[in-house]
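My notes follow the structure.

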Amino acid sequence: MLPLTEDLAKDWLREHGLPVPRGAAAASPAEAARIAGDMPDGAVVKALIPIGRRGKAGAVHLAANPDECRAAAAGLLGTSVNGHAVRRVYVEERIAIRDEHYLSLSLRGPQPEILITRGGGIDIEEVMRNRPERLVRAAIDPLRGLPAGNATKLLQRAGFDAALCPRLAELTVALYDAFCAADALLLEINPLAVTGSGSLMLVGAMMGVDEHALFRHAAWADVAAAVTPSRNPREHSVAVANREFPGGECQYVELAGDIGLLVGGGGAGLYQHDIMLELGGRPANHCVTPPTGTDNRKLKAVLAAILDNPQLKGLLVGFNFAQMARTDIRVCTLMELLEEKRIDTARLPVVIRLFGAGEQASRAMVAGYPNIHYVSRGTTLKEAVRLIVELTARASTKAVA
Amino acid sequence: MSILIDQATRVIVQGITGGQARFDTEWCIKYGTRIVAGVTPGKHGEMVHGVPVYDTMQSAVAQHPADASVLYVPAAQVKPAALEAIAAGVRLIVVTSEYVPLHDVVHIVAAARAAGVRLVGCNTNGIISPGKSKLGGVGGMDPAEIYPPGRIGVCSRSGGMTAEISLALREGGYGVSTSVAMGGDLVTGMSMAEYLMLFEADPDTDAVVIFGEPGTRNEQEVAELVRAGGVSKPVAALISGAFQEAYPAGMSFGHAAAAINTQDESASAKRRLLQAAGVHVAHALEDIPGMLGQALVAAGSVVRPDTPAPVI
């Protein structure tokens, strides 16, 4: 899920005719003050970062006038909140709130779900824990959508006043439409406010969208491009490669062990990791590599990260019997990187279990290299894992001796 | 018999002029799959490996009645293509495309269910009923080597692991009735329990092997089904990804769906549930044939393996 910043989420809702407070993003204290100049009832200044519960993190300030707004913005800009650098703030008009409610829409399974509570508002987690009877939860048929009649029934169940229900039902239906149109996986309105003058206002709005639907939402591509920096440089370089190069997704997660795992994206990778732990081996990483096409840059990025890990004492290149992918592209990439990084395989045991198309060429490429064990056809995934665990343990013992 | 497909199944390939579709179509035809037509908008009149191409599903089925369609269209085109296939009246749709937006997935899954159409995938490498037919890339250029025919059904959330399961079965002297990769995504056209019920009803399947992962409720539903007595045939399960439990919740290590969101979605919890329900839970692929052998003898259905163990 790609979390959108508040400005993008609220712009989207506004464009879909929904009532959200007036507001805009600012990159400097002066710009923030200028925006607040148009807000006679005062402004709220928030760090524009894609996380929830910013209030609790101290990233939300009230400003009675433009000068206070400038000061609040100056205090937030350039700081870091929960690891996110604050480069912009969101300046929004203050709303006089009479009642606070909660509404969320989510898509995590075969049907979208709606969750509503009357009252409560901000601390929804407390309500879920201690007063679950106040939650009204329902699945929405993706083919029928959310007809106004169904929305009204849900609101009645949640205990809303009869006088408020028609307007609130209309709003709920519009929210569901905006949710689907955005390819959102989560849309949380908290609080859904009734203002002092009795109108409805979406004061808090969090929206997370489907990365795989960005072809329909070009405006949000920049958000996706902003890779959250990882503290680990190897993880970061793979995240960058994942963004920059074409092909399926790649991932690299560094762990505390010493045996590098070059595996695919699916079941065999999970299986080998389980088996390695059971056999007493300690994986140095987990990874996801895309199926090999002609472009091997993502594979290369993952392999480089694995080989650059200073903890590395052994490497397993373990894949399920290749039905579609070519084995020689993987082996060729490995040999290129070993060469490039001047890694002496005499010091780094490598086990390769790659069967399928291109296997003959793959085997020829590693012939003559010491310590590269390309296991024979019929060797099971478990046997290959056992071999690298043993070879790594032996190499470590030798190094200590 | 087998489930989903056999030698009589007539297949249309949607997106047949793309690279992967051309490759798979060639090897499917060589394997014996009855591919009767292909569809790519704007490519009417072309031929791909002797298969005539049409602009729409409607015009393709008008000339070539079909039972199934297999989709190779880009993710953005999956929803309209699947809806077109449902409208054209095919009874089985296999979606190989990956990274399909979730809103589109839930829509086509619901639409297929409403029409009584079976949807396999998205993000599947296919189905194979060995010796009869295959849809998708499963088996690659040499399906016969990996998938000997036999009487064990296989259903896996990982396409790659269907090959490893089949090889392990083969080592133990067993073959496969049908192997289906159900797709590794969060929402799939059919659930694992639904495939299990198809295998239960298939007179030529004696036992079933499932491969599961963390995330989704597929394995829990299988446990419930088996516990409730809905499956009389032996079921063996390999559930991988227990290592994830050592790391923070919500961290994903593979398939998008294989992230643990609640405690009972973990691999260990699934293993416990399945075991308690009477499923034979294996820790390694090598254990599966022995487990099945004992269970099949106990069930009195088969006393000898299907095929002699070949060496590959």
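Predicted model: local features only at pLDDT ≥ 70, side-chain atom pairs only at ≥ 80, totals over all residues.

Four bridges join strand β1 (residues 10-14) of chain B to strand β5 (residues 68-71) of chain B, and the two run parallel. I picked Ile12(B) and looked up its bridge partner in β5(B), which is Ser69(B).

I then traced the whole sheet in chain B. It is open, with seven strands in the order β3-β4-β2-β1-β5-β6-β7, and the pairing is mixed. Which strands stand at the edges? I found β3 (47-48) and β7 (118-121) of chain B there. Each has a single partner strand, so one side of each is left without a neighbour in the sheet.

Next I looked at what packs on the sheet. Helix α1 (residues 19-31) of chain B does, touching β1, β2 (34-39), β3 and β4 (51-54) of chain B. The direction of α1 makes about 160° with that of β2(B).

Entry on the domains. The domain assignment gives chain B domain 1 (6-124) and domain 2 (147-302). I read 27 Å between their centres, taken over C-alpha atoms. In chain B, 12 residues of domain 1 are in contact with 12 residues of domain 2.

What does domain 1 of chain B bring to that side? I listed the elements that give two or more residues: α4 (102-115) and β7 of chain B. The largest share, five residues, comes from α4(B). By class, I noted eight nonpolar, three polar and one charged residues on this side of domain 1 of chain B.

Technical notes:
Residues numbered from 1 in each chain as written. Chains lettered and ligands numbered in written order. Pairing = 2+ DSSP bridges. Contact = placed C-beta atoms within 7 Å. Axes fitted to C-alpha atoms, helices over the stretch in contact; angles between N-to-C directions. Domains from an automatic or database assignment. Nonpolar A, V, L, I, M, F, W, Y, C, P; charged D, E, K, R; others polar.
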